[in-house]
Amino acid sequence: MNGSVLQCFWNNHPPPMATSERFAVGVALLILTVISFILNAALGYLVWKSPVFDRLFRLYVVSLVTAALSYLLTNCSILIPTALFHVNFDDPYNTILTVFDVVGYLAQIFTTTLIAVDRFVLFYIIGVHHGVVYRRHPIVFCIPALPWTASILLTIHTNLIGCYVRTNPFTLTYTYECSECGLYEPILYYLNHALPIITFILYCAIYANILVTRQRLRTGENSRKRRDAVRLKLLVGSSGNDPFSVIIVDPRTGVATWSYKGSELQGAAVGIVEPLGVNGDHLVISIKDRPLIHAFAVHPRDRYHQKSVVSGVIAAFCTTKDGSLLFAAVGTQVYIWLLSSGELLTVIDAHYQAITRISLSADESTLFTASTDGALSCYLVSDIISQDRDRAVEPLRKWKAHTLAVRGLSVSSGSNPRVASCGLDHLALIHSVSLDEVLFKVSADRPLTACVLDPAESRLFLGSDTGNIAQINLYALDDRSEILIQVADEKNERVPVFNGHCDEITALSVNGDGCLLASGDSAGKYCIWEIASRQCLKVSSMRSTISSLRFVPNWPSLSASEHVSVHPVFDLQRNVCRGEKIWIRHHDGKDYNKDFWHDQLDHLLESALQESEAAGPNSNKKKKSLKKRKKSIRPSEGDESDVVVLDDDILEISEGSSTVRNGGVPGLHDVQFV
């Protein structure tokens with residue numbers, strides 16, 4: 001070291017440090033430096049590779065880690081040798097080796113303040129933050145480089161004017177002593193204190209915003225709706241025979257709030273899991289490799305469980321919102337059961353090969369099926385459940401959409417549904433039912449195994465066999481009707497990619513407001529993503545392939561201590577009924593006129609009279625016999641049923657013994673005609 005600088009340090013710190021004390025300090029510095037180097041390097045690698053954080057925030061963290069490594073580099077190059085071996089470096093080696101400490105320190109405080117500003121904008125001006133961050137312009141990702149640019153330029157200028165940082169061999173510290181810093185001395189002093197204070201104030205403002213937001217959610221006018229939206233649960237089904245293969249997860253915490261042990265399944269592997277209707281009182285489970293289907297109550301204290309034997313293994317099924325109809329795919333056929341009586345209404349031959357997916361439209365007027373032959377079919381539900389057995393049911397629409405098996409099917413909401421499908425032929429298509437044409441086509445570099453449309457029909461999510469999930473923004477395609485994508489290309493700004501799985505994607509689901517995406521793969525891993533930032537909020541796994549995944553409301557049956565539910569008749573018949581019984585639901589309650597239903601019965605009897613008149617020569621006798629023996633249709637308070645006899649034909653009016661809330665199963669006012 002130059003004599004003038006050494007003398008300056010000696011004058012400021014005349015008593016030298018003892019040898020043992022210097023050695024202890026050197027050993028401690030060496031141990032801390034090695035540990036810090038390992039931890040920072042591991043942190044930088046994990047953050048950079050992890051899909052939990054968005055790309056911009058990962059660059060911020062890498063910037064901080066790099067600043068810390070710059071500190072450690074200075075320790076290894078000059079401070080530790082000075083402490084352990086009494087090595088005193090002369091200028092310019094001292095200033096050159098110590099300059100990394102200055103650059104790292106300035107980069108650290110600048111980056112820390114920049115992160116605080118970024119989080120502040122996220123909480124207070126979220127529109128600006130999303131507009132800047134998620135536009136994914138190359139200039140946006142230059143923001144984390146600003147602290148380093150400022151640090152390097154500031155360090156170069158201070159060294160040019162003679163304001164050096166050196167290692168003091170007497171105190172074993174980095175110092176600006178014995179340098180002519182001029183105006184930089186007060187600037188650096190106040191900068192070292194001002195930036196941490198600014199960072200502290202910004203984080204206090206962020207915390208205040210969080211408290212205010214929580215208070216608004218509790219007491220605001222729309223707090224109930226917001227809480228209901230947040231309290232959405234995630235139904236997860238795993239196609240294995242292990243216990244607790246069906247669970248309901250809280251997306252906020254990732255903790256299972258409900259689980260089904262599966263002891264009633266007797267070791268059978270779970271197939272598809274669907275709620276019976278929208279009330280959430282019961283769940284329906286098909287068995288993966290057996291022709292069985294189970295129904296059981298969701299409430300823990302309700303021991304209801306029924307199973308039915310069907311004609312074959314059910315590959316897919318769905319139910320109406322009121323739980324009155326069950327549509328099941330068995331092989332190449334679709335079976336439709338009336339759950340109020342268990343009757344098999346009809347069986348249709350829908351495809352030439354096995355059906356893989358089945359779904360109802362939002363208004364439940366149309367049924368969509370997909371199969372391994374690559375075809376999609378659209379049927380009117382009214383045509384399917386018609387009592388006319390003399391003719392085959394023809395599909396309303398039929399598309400030869402794919403050349404290989406269809407693995408994903410998603411139907412949009414609204415009265416004009418759009419159908420998204422994907423298959424092993426690397427294609428994804430969106431069809432319009434009303435236009436009967438392909439609206440959009442996606443060609444991928446890998447087989448596509450799952451797809452889902454968000455509720456706003458603005459984004460399409462495609463899962464591949466490699467575990468990547470591609471997001472296609474349908475309103476940012478510049479009027480293109482066909483695109484080519486690479487599902488593993490993270491650099492493509494137009495097609496964001498979610499990376500969190502290593503195995504084939506088997507299920508995708510989007511919540512009601514379109515902010516969360518749930519994904520499951522063939523290894524049993526499922527993730528909950530924030531769509532806007534593509535951050536993985538929760539990750540968990542089950543023991544077998546994820547077969548079912550959907551967001552469901554926070555049903556009362558999940559949390560209520562006492563809950564009364566009405567059980568369905570789940571004795572499913574295996575032979576098609578011939579129309580002997582017709583179940584008619586009571587009026588929906590909008591017309592409270594007590595004579596309404598009796599007028600309907602009178603109308604039915606008049607129709608029966610007209611048919612009898614046209615039946616043959618004995619019709620007049622039957623008519624007279626009917627008029628003599630006809631009773632009043634208006635029953636008294638205590639009457640259970642009335643019987644009207646038409647000679648040998650009996651028209652029996654009986655009331656069901658079950659009760660129901662909000663429909664879906666036979667109720668007190670369901671009437672059966674035999």
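Helix H7 gives the most to the nonpolar patch, with three residues. Helices (H or I, at least four residues) and strands (E, at least two) are DSSP runs, numbered from the N terminus. The model is predicted; local features need pLDDT of at least 70 and side-chain atom pairs count only at pLDDT 80 or more, whereas totals for chains, interfaces and linings use all residues. Residues are numbered from 1 along each chain as its sequence is written, and side-chain values use heavy atoms, with hydrogens and water left out.

The nonpolar surface patch covers about 540 Å² and is made by Phe-123, Tyr-124, Ile-125, Tyr-207, Ile-210 and Leu-211. Two or more residues of the patch come from each of helix H4 (93-124) and helix H7 (184-219). Patches are made of residues with over 30% relative accessible area and no salt bridge, like charges being joined within 9 Å and nonpolar side chains (Val, Leu, Ile, Met, Phe, Trp, Tyr) within 5 Å. Accessible areas come from the Shrake-Rupley method with a 1.4 Å probe, and for residues only the protein chains shown count as cover. Ile-125 is placed in the loop between H4 and helix H5 (126-133). With a relative accessible area of 42%, Ile-125 is partly exposed; buried means under 20% relative accessible area, exposed over 50%, and partly exposed in between (1.4 Å probe, protein chains only).

The UniProt record, an unreviewed entry, places the feature "transmembrane region" at residues 23-47, 59-85, 105-127, 139-167 and 187-208. UniProt positions are given in the numbering used here, feature names are shortened, and annotations may be inferred rather than shown by experiment. The span 23-47 is 100% helix and 0% strand, with its end C-alpha atoms 36 Å apart. Residues 59-85 are likewise 100% helix and 0% strand, and their end C-alpha atoms lie 38 Å apart. Helix H2 (residues 19-49) has 31 residues and reaches 45 Å from its first C-alpha to its last, close to the expected 45 Å, where the expected span is 1.5 Å times one less than the number of residues. Buried residues in H2 are Arg-22, Gly-26, Thr-33, Asn-40, Gly-44 and Val-47. Their cover includes helix H3 (55-85).

Nine salt bridges are found in a search of the whole structure, each defined by a side-chain nitrogen of Lys or Arg within 4 Å of a carboxyl oxygen of Asp or Glu. Lys-233 lies in strand S3 (residues 233-238) and Asp-250 in the loop between strand S4 (246-249) and strand S5 (256-260), so the bridge ties together parts that are 17 residues apart in sequence. Lys-233 is buried at 7% relative accessibility, as is Asp-250 at 6%. Asp-250 also forms a salt bridge with Arg-252, with the closest N and O atoms 3.1 Å apart. Arg-252 is partly exposed, its relative accessible area being 47%.

Pro-553 lies in the loop between strand S31 (546-552) and helix H10 (556-559). Beyond its neighbours within four places in sequence, Pro-553 is in contact (heavy atoms within 4.5 Å) with Leu-232, Lys-233 and Leu-558.
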